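Trainee: Hi, could you walk me through this one?
Mentor: Happy to, let's open it up.

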Amino acid sequence: MTMSRSFIVQAVATLGLLFAPVLSNGAAAQTATAPATFTLSNGLHVVVIPDRRTPVVTQMIWYKVGSADETPGKSGLAHFLEHLMFKGTAAHPAGEFSQLVSRIGGSENAFTSYDYTAYYQRVARDQLATMMSFEADRMTGLILKDENVLPERDVVLEEYNMRVGNSPDARLTEQVMAALYLNHPYGRPVIGWHQEIEKLNREDALEFYKRFYAPNNATLIIAGDVSVEDVRPMVEAAYGKIPPQPSIPPRRIRPQEPTPAGPRTVTLADPRVEQPSVRRYYLVPSSVTAAPEQSSALEVLAQLMGTGSNSLLYRALVVDKPLAVSAGAWYQGTGVDPTQFGISASPKPGVEFPQVEQAIDKVIAKLAQAPVSAEDLERTKTQMIAQAVYAQDSQTTLARWYGAAITVGQTVEDIRAWPDRIRAVTAEQVRQAAQTWLDKKRSATGYLIKEPAAATAKREEKRS
């Protein structure tokens, strides 16, 4: 979920995400020097993460707007605008920003998710002020014309065809998310519904841009070979004169889900399916909506159940009983509103879905009934913290941890305390998380099956 302005669907799209996830809740960036923060008078929140290992710096600006903030009937608008942000301003015509980044040996990208849209450049330290100047200019100076908006809409439609329309797995994710969320806009795909993308236009994009792109709706992350003393004058010079948008509310309020009344199922048949799979999503609290310790317990539960060859699901379905070729679980804690805990498995040839689901349910029932062993719990927590430490070798990853977490409502202190929260999770808290949240009433399950060629031909015949 490699980030790309062209809506790159990440390798873990099977997890129900369309854009690269932060390691859980911004897992933990215990950097040697604590990040510094400050806020400009126009509301721009700034986080500086010193990383002195190389003379390189990453500027990443996060807007608190994603697909869940779109006007109903205009799905895909946040992602569409992300594309259009590269179309230039009066000061810098289309292509100039990207050409400069390339010429100085840097890299750039952008990505959209349910709760945020972000843009970044990674360049040599002495180019940071220039990057700020360009990024600040397009915060309010974007110029859009039909001659560049309409062709870009065609690009997005082609992406939809490539990434979703021609991918049975991605289509299943789309359908399961729609089944899980009856009322909340997380049920809309980030890229949008095809028939609504087709109708997006210049006026839609400009209205959305003027409504949400403003300093008081953004967080600027600067990670790299800098100090806050270096950065603050540059930020003031580049961004300080941009006026705030007074109509932006202090917090996002969206339609919420009713109490789940029963499980939902979706079956998708496609002749291109080579490997059938089953995917179950549960509606669970995010790191923002969870009670204290709940989110950390869900993170540990997901790791324990479904990450790696020692996980409970893998051992139960792949090792102990040869029912599946793969099995896993995940929890996407970084969200403004209630999120998903997911389980997936791919049955071996000749194994039916009920057999696989029975084995999954057995693992869940055991976790809900009795606390896990101290050995399994400690191994799991150690793995999680170690993974977070290793991932800090990437400057861009550090920026993404902080940006995603802060944009949904967490603080620098929350992020830095993540290892301590994980260490504090008890076996009883994990048991309670399994018992409370992995309830089938809270779930939507998707089945991906291969459709016989004859059935496909018959259906096409009816359409013609």
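**Strands, cores and a pocket**

Mentor: Let's begin with a strand pair: β8 and strand β11 (residues 443–450) run antiparallel and are joined by 6 bridges. Strands here are DSSP runs of E of at least two residues, helices are runs of H or I of at least four residues, and both are numbered from the N terminus. Two strands pair if DSSP finds at least two bridges between them.

Trainee: Before we go on, what kind of model is this?
Mentor: This is a predicted model, where local features need pLDDT of at least 70, side-chain atom pairs count only at pLDDT 80 or more, and totals for chains, interfaces and linings use all residues. Residues are numbered from 1 along each chain as its sequence is written, and side-chain values use heavy atoms, leaving out hydrogens and water.

Trainee: Thanks! Which residues of β11 are the bridge partners of Val278 and Arg279?
Mentor: Val278 has Tyr447 as its partner in β11, and Arg279 has Gly446 there. Arg279 also has a bridge partner in β10, namely Ser344. Strand β10 (residues 339–347) pairs with β8 in the antiparallel sense over 7 bridges.

Trainee: And how does strand β7 pair with β11, parallel or antiparallel?
Mentor: Parallel: strand β7 (residues 264–270) and β11 share 7 bridges. Ala269 stands opposite Ile449 in β11.

Trainee: How many residues of β8 are buried?
Mentor: Strand β8 (residues 277–284) has 8 of its 8 residues buried. Buried means under 20% relative accessible area, exposed means over 50%, and partly exposed is in between, using a 1.4 Å probe and protein chains only. Both faces are covered, with Ser277, Arg279, Tyr281 and Leu283 on one side and Val278, Arg280, Tyr282 and Val284 on the other. In β11, 6 of the 8 residues are buried.

Trainee: Switching topic, which residues have the most contacts inside the largest nonpolar core?
Mentor: They are Leu301, Met305, Leu313, Leu317, Phe341, Ile343 and Leu367, in a core of 86 residues. Apart from that core lies another of 52 residues, among them Phe38, Val65, Met132 and Ala205. A nonpolar core is a set of buried Ala, Val, Leu, Ile, Met, Phe, Trp, Tyr and Cys residues joined through side-chain atoms within 4.5 Å.

Trainee: What does Leu301 touch?
Mentor: Not counting residues up to four places away in sequence, Leu301 touches Phe341, Leu367, Val430, Ala433, Ala434 and Leu438. Contact means heavy atoms within 4.5 Å.

Trainee: Is Lys381 buried or exposed?
Mentor: Lys381 counts as buried because its relative accessibility is 5%. Lys381 sits in helix α12 (residues 374–391). Beyond its neighbours within four places in sequence, Lys381 is in contact with Val300, Ile422, Arg423 and Val425.

Trainee: What about the second largest pocket, which residues lie nearest its centre?
Mentor: Asp69, Arg251, Arg252, Ile253 and Arg254, out of 31 lining residues. A pocket is found on a 1 Å grid over the protein atoms alone, as an open set of points where a 1.4 Å probe fits, with protein on both sides within 12 Å along at least five of seven lines; lining residues have an atom within 4 Å of a point.

Trainee: Which helix gives the most to that lining?
Mentor: α13 does, with 3 residues.
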